[in-house]
Amino acid sequence: MSEQEAIRKLKQLKEKYTLHDLVKHLDIQQTTLHRWLKTGKISKNMADLLERRIREKNL
């Protein structure tokens, strides 16, 4: 998943779930998720991590 696809997917999940729910499901800190959503930027490694966690939880 590219960085922009990861951000797009995260924004879609944010519409469906609250930030607190995403923290629980993805096991990523709230400040990190908030920063990604606010800036629209994510590193390649973190995009891969986000993709794996989304796939594992079937979100």
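A: Happy to. This is a predicted model, so let us begin with its largest nonpolar core, a set of 15 residues in which L10, L26, L33, W36, I42 and L50 touch the most other members. The elements that supply two or more residues each are α1 (3-16), α2 (19-26), α3 (30-39) and α4 (44-57). Of these, α1 gives the largest share, with 4 residues.

Setting aside neighbours within four places in sequence, L10 is in contact with L22, L26, L33, W36, L37 and L50. As a general background, nonpolar side chains tend to be buried together in soluble globular proteins.

Now to α4, the helix that carries L50. Its 14 residues reach 20 Å from the first C-alpha to the last, close to the 20 Å expected at 1.5 Å a residue. Along α4, the buried residues are A47, L49, L50 and I54. These lie on the same side of α4 because they cover an arc of only 160 degrees around the axis. The cover over the buried residues of α4 includes α1, α2 and α3. Turn to the other side of α4 and you find N45, R55 and E56, which are exposed.

Key
Residues are numbered from 1 along each chain as its sequence is written. This is a predicted model: local features need pLDDT of at least 70, side-chain atom pairs count only at pLDDT 80 or more; totals for chains, interfaces and linings use all residues. Side-chain values use heavy atoms; hydrogens and water are left out. A nonpolar core is a set of buried Ala, Val, Leu, Ile, Met, Phe, Trp, Tyr and Cys residues joined through side-chain atoms within 4.5 Å. Buried means under 20% relative accessible area, exposed over 50%, partly exposed in between (1.4 Å probe, protein chains only). Contact means heavy atoms within 4.5 Å. The expected span of a helix is 1.5 Å times one less than its number of residues. The arc is that of the directions from the helix axis to the C-beta atoms.
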